[in-house]
Amino acid sequence: MSSYKQASEDASGWQPRIVAFLCNWCSYAGADLAGVSRFEYPTNVRIIRVPCSGRVDPMFVLKSFERGADMVLVSGCHPGDCHYTTGNYHARRKLLALREMMSFLGIDPRRFKMSWVSAAEGSKWSAVIRQITDEARSLGPFESFPTFTLQEVKK
Amino acid sequence: MNNQEVEVEEGRTLLDAARALSIEIPTLCHHRAVPPAGACRICVVEVKGGGRPGLVPACAYPAQEGLVIETDTERVLASRQMTLRLLLARCPDSEVLKELAERYNAEPLPLEQKDDKCIMCGLCVRVCREVIGPSATCFTGRGADRTVSTPYKMLSDVCIGCGACAFLCPTGAIDPAEFCTHPLEKIPNEFNCGQDFRTPIHVPFPQAVPNKPVIDKDNCIHFKTGKCGACKSICPAGAIDYDMEDETVEEKVGAIIVATGYEMIDPAVYEEYGYRRYPDVLTSMEFERMVSASGATDGRLLRPSNGKPPKSVVFLQCIGSREEKIGKPYSSKICCMYTAKHAVLYKHKVHDGQAFIFYMDIRSAGKNYEEFVRRVVKEKNVTYLRGRVAKVYPRGDKLVVRGADTLSGGQVEISAEMVVLAPAMIPSSGVRELAQTLRIGYDEHGFLSEAHPKLKPVETNTAGVFLAGACHSPKDIPDSVAQASAAAGKALGLVSHEQLTREPTIGVVNEQTCNGCFECKNVCAYGAIERKELRDRKGQLLAIVAHINEGLCQGCGACSVTCRSKSIEVQGFREDQLFAEINAVSR
Amino acid sequence: MPALLLADEIGARRGGRDRCDRSDDYSVASAGRHGRFRCSVLIAVLGVVVLLIVFGIGGGTQKKRKLKAIQTGGPSGGCIPESLIDLPVDYEQLTQSGAMMGSGGLIVMDERTCMVDVARYFLSLLVDESCGKCTPCREGLFQMHEILNRIVEGEGREGDIELLEQLAAYVKDSSLCMLGGTAPNPVLSTLRHFRHEYEAHIKEKKCPAGVCKALVQFRIAAGDCKGCGLCKKNCPSNAIAGEKKEPHSIDASECVKCGVCYEECPFDAVKAG
Amino acid sequence: MTTVTSLTRSLREAAAQALTSGEAAVVIGYELNDGEAAAPAFVRAPEDAERLIFDESCFGNLAVYLAKEEVRRLGKLAIVVKGCDLRAINVLLRENVVSRDDLLLIGVRCSGVGRPALRKCSFCEVRDPEGCDTVVGDPPEPPPTDPGKRYAEIEAIEELSMEERWAYWQKQLGKCIRCYACRQVCPLCYCKRCIVEKSTPQWVETSPHLRGNIAWNIARGLHLTGRCVSCGECERVCPMKIPLGSLGDKMAKLVDEWYGFRSGMSADEKAPFTAWSPDDPEPGIL
């Protein structure tokens, strides 16, 4: 908890909150590699490890927004490299459909990102996070989306 | 016999009896596959009692109750000696006879010398008539004029060219090709890249496992015409069985190791190198077979065009590798090293020969590899030229290799007597079908995909299926052996346990809510989804629902996401768990 | 010479001799020189002595020449010498003497017959008769025939006789069928009774009977020649000269050794040797 | 009681035939109704076949009943289908909800339903139902306008700016009272347990406020992606008149454009969410 408080309540005021779903075999290992390789990247990203990008249900993304995420990232193995052969292909179809649906409803699709980061791409990982964090900053808080308010939580 | 009691079954001959006692009796006109003739008389033995006394041919004389036989009396010896002398006088060059005469010290007599090869044993005639059937050969003339021939000494069209006569002939006096209107067409020896020929019965290659001969049905006279059958009657072990059928053997196994190896791309697709158009353009494999001691030329390196050793050889690497247009983008990995080896072999065979190697880059990563290449360059002074070859074309009886030397930046033209191409390694044909059967991945070239490039280089995405060797990617022998050992180890690790231990993170179906639409089945890469019938106590079918095979499921969760009624959970990544995570990190 | 044929089965049976289960046709030919037979067929009872057949029934030799040998039993039969003239004709006796009953043929030969040549002649028949299946008969007879040829050609060598004997014994012993088993007989029997003739051929290079042309010289004994001119008239190469009623002579350089004079001379004035 | 059309007559004959022959235990069809829409009829005796009708009022999609337990229990089903209904049945067949062997399809050649004709009829391509056991009616007239119109409605929405779209949908989805009529009438919403009924975890909030409504309609939209046959029933029955059809159409357009897939055209195709290709479009993936 403390980390995100710090992220959201430091001197400069607001900080974007990014929820990232990483596949266990490529992107999670890539993020790991970024760490051990001492690549720097913003601390705004919160990582949820899933076995495969194909495990990410559009509902997870929606729920993240509902709970206040400013941006959601789903990252998996490059097409063809999926540890489960086809998981990322399925993820690609379902999650891009979600993004299309969002944009059709007028929910800013830029809030939802996907990327392919392999276990060897530590540098790419940090680059992706830097890029989307900057974008999230420029987009500002995702206020348009009806999120949970603390009052509601209390109720 | 020779004062030893011996019993043989009814109808066996004295020769059989002798052999039962391992008494050595020479034979010329006898073969177990062919009815005896008693013609050559070399096998005579002496009947001392129990029958009409005198010399009888052991090969034809039936063993009888109470016969008393001597096999090495003066009389017998004298007879054999004279037989040998006479036959030698007839065929002075026969090795068999010389050798026998030696053994029975039949010193020559002043006899009229003939110069014949045939000793008139008649095996050829008998095997053709009694065993094979067509009676293509026969005796003509009588007495001293008797000869083996075809009826009316005409070319025979009944001869099926089986060659049994030549096979049995003790003196190599007969060759069916001489009298058969349609002698055996020759079968190229696949293992030697067609550089020599093989018989329909052949051992696929030296050190084949099992190292046993096989019958090549398509070329076997028996299977083609129903005739012949020589091998069956000649095989002393009785091992030939024509009724054997290829059979599909079904085995329940705990692990599968795929080691389907590789093939080579056909260099003929590159017109410019003139493979198949010019006989002196070989593939590296053909070169390898030719310089191999067990090859068609017994290791002598000869130009196919004129059978002379080539004074200069140009090796071209990367034929079809690292070439995207018609070839393959990847490096075949092994060519650099074996080409260097071939260059050395060539230098060993042709000392004053010149070797040139056209390469793109020398990929000599591997223990002592770089050192080896350096040695080839320095000590064997093989000329390495960096660049591609534009054209190979004939000039006179030589080949001109024109290409670029990118280091000197100029065109080079080399007049070569032999050109050796190093074609790209490609996966064995049919490997895609196999991969689909085993539900394992493969790349666009057909190389099988490992489960993970770093963490699982031997496993595949299907549990229990492992990879070894070039089916996975171009590999040299040490790499293949290493991977094979790893695969074997993995397989043993899998089957050496009482129970199969698996990651617990697999899918489970909520059978109450499953719609049975089996959309999950479509997204499962492992075929782990099975149909399960739910029945009540009376056995009434209630519903057909999905069931996940714990052995096959890898826990990717694609099914869970595809399921609209949310009836599949992935243990360890359950929805409530992820939900909690999302709640925690999003707020 | 009158011919006679004996086929007295009853007689044979009466004679009670074993192995006599067929009629024994017996033909006799008296030869001055073989090739020019006077043939006849006669019947004789088994056991009748050769003498009786040859002289009694057969009427003896041409020109009363000296009887030399009798060959019986066909090509693979054997020769018995004049000394055995009172041998009774039956299976056992003939076989013991080195001849055989065989086909029942009986050939009478006078002093003008060369026994080596006779053996060679019969062997030449047998070499053709051989089927050629087994080595001894095929190769053995061939070799024996070769040897005999060279002997009559006057090229006989030391040891040929022994070689012949060796081969003959082998062929007899090792052959597949009885053709090979008996084929050496002509050689063996002649060697047995007329070895000296072989030796004469090989050592002295002479053919005592004056048959083997390579070894013979013809001359006319002036004493006996009455100058009848018959030889001169018949000589194909006009090698004989001489006036009527005068002794004739042969020009050896012209003589082709055809032996016509030797045959025709009514006074046996032409001598061979 | 209007005069009986020849179409209705042959329909009744087919139904009666099916029942007498025992090919079906019940025929699901339409019968006269005082409302604008014909009522569904479950005819179980040949003589009752007389109740059946077919005219412009028969725009209801009867396929919805095939998935319902209580209907299945009636025995072997015969069903009156328009070409458009058949598309829904194809999806049901693919998803093993019904098996073709337990189903007798009485197809009706249809020249458009609804007074005035429904929008979907204006570019209908399936007026002549294919693969039915029996087909009744005369060859239908070709659709008046071209299929290019198919996505006209949503294209209009796509024209709008993101903010405008958001405003529009906030208004529309804000109205939702979560009666789930859309779900009940949808022939493809047959889940034994709908995702909204799943409480652990509760992916979709059930109370009628914008957040839950967005979640529900997105969830439904995605669940119908590659399945929705645009029968328009959800929109028709929505008490709040929310343009639900355009959500289905949007997804239909997507799979059509990206994966060249039109749902319900045959019973043995793979739904786009259960298929994949290495070269699927992936705009904006980093």
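Start by colouring chain C by pLDDT: this is a predicted model, and chain C averages 75, with 79% of its residues scoring at least 70. Now select helix H1 (residues 9-14) of chain C, which has the lowest mean pLDDT among the elements of that chain, at 32. At the other end of the scale is helix H5 (residues 135-152) of chain C, with the highest mean, 89. A word of caution: where pLDDT is low, the predicted coordinates should not be read in detail.

Stay on chain C and switch to cartoon. Ten helices and nine strands make up its secondary structure. Of its 273 residues, 45% count as buried. Take the contacts in chain C with a sequence separation of 6 or more: 67% of them join residues 24 or more positions apart.

**Chain C: a kinked helix**

Select helix H8 (residues 185-204) of chain C. Where is the kink centred? On Phe194(C), with a bend of about 95 degrees. H8(C) is mostly covered, with 14 of its 20 residues buried. Step just past the end of H8(C) and you land on Lys205(C), which takes a positive phi of about 55 degrees.

Lys245(C) sits in the loop between strand E7 (240-241) and strand E8 (249-250) of chain C. Its phi is near 65 degrees, a positive value in a residue other than glycine. Buried or exposed, then, is Lys245(C)? Lys245(C) has 10 other C-beta atoms within 10 Å, and the cut-off for exposed is 12 or fewer, so Lys245(C) is exposed.

**Chain B: two sheets**

Five strands form an open sheet here, in the order E12-E19-E13-E14-E15, with parallel pairing. Strand E12 (281-283) and strand E15 (383-386) of chain B each have a single partner strand, so each has one side without a neighbour in the sheet. On average, neighbouring strands of this sheet are turned by 20 degrees against each other, direction ignored.

Zoom in on strand E13 (residues 312-319) and strand E19 (residues 418-423) of chain B, which run parallel and are joined by five bridges. To find one of the paired positions, pick Ile319(B): its bridge partner in E19(B) is Pro423(B).

Next, select the three-stranded sheet of chain B, which is open, antiparallel and ordered E16-E17-E18. Its edges are strand E16 (389-395) and strand E18 (410-416) of chain B, each pairing on one side only. Six bridges link E16(B) to strand E17 (residues 398-405) of chain B. Look for Lys398(B) in E17(B), the bridge partner of Arg395(B).

As background, most residues other than glycine have a negative phi, and most peptide bonds are trans. Lys153(B), in the loop between strand E5 (147-149) and helix H5 (164-168) of chain B, has a positive phi near 55 degrees. Lys153(B) is exposed, with 11 other C-beta atoms within 10 Å.

For cis peptide bonds, go to Val209(B) and Pro210(B), where omega is about -5 degrees. Pro210(B) belongs to the loop between strand E8 (201-202) and strand E9 (214-215) of chain B. Over in chain D, Thr200(D) and Pro201(D) are also joined by a cis bond, with omega about -5 degrees. Pro201(D) is found in the loop between helix H6 (181-185) and H7 of chain D.

Show chain A next to chain D: 27 residues of chain D are in contact with 30 of chain A. On the chain D side, helices H5 (162-174), H7 (210-223) and H9 (244-259) each give two or more residues. H7(D) provides the largest share, seven residues. By type, this side divides into 19 nonpolar, two polar and six charged residues.

Last stop, chain B against chain A: 25 residues of chain B contact 26 of chain A. Helix H14 (558-562) and helix H15 (575-586) of chain B each give two or more residues to this side, and H15(B) gives the most, with seven. The chain B side holds twelve nonpolar, ten polar and three charged residues.

Key. Residues numbered from 1 in each chain as written. Chains lettered and ligands numbered in written order. Predicted model: local features only at pLDDT ≥ 70, side-chain atom pairs only at ≥ 80, totals over all residues. Helix = DSSP H or I, 4+ residues; strand = E, 2+ residues; numbered from the N terminus. Contact = placed C-beta atoms within 7 Å. Nonpolar A, V, L, I, M, F, W, Y, C, P; charged D, E, K, R; others polar. pLDDT = per-residue confidence, 0-100. Pairing = 2+ DSSP bridges. Bend = angle between axes of the 7 residues up to and from the residue. Axes fitted to C-alpha atoms, helices over the stretch in contact; angles between N-to-C directions.
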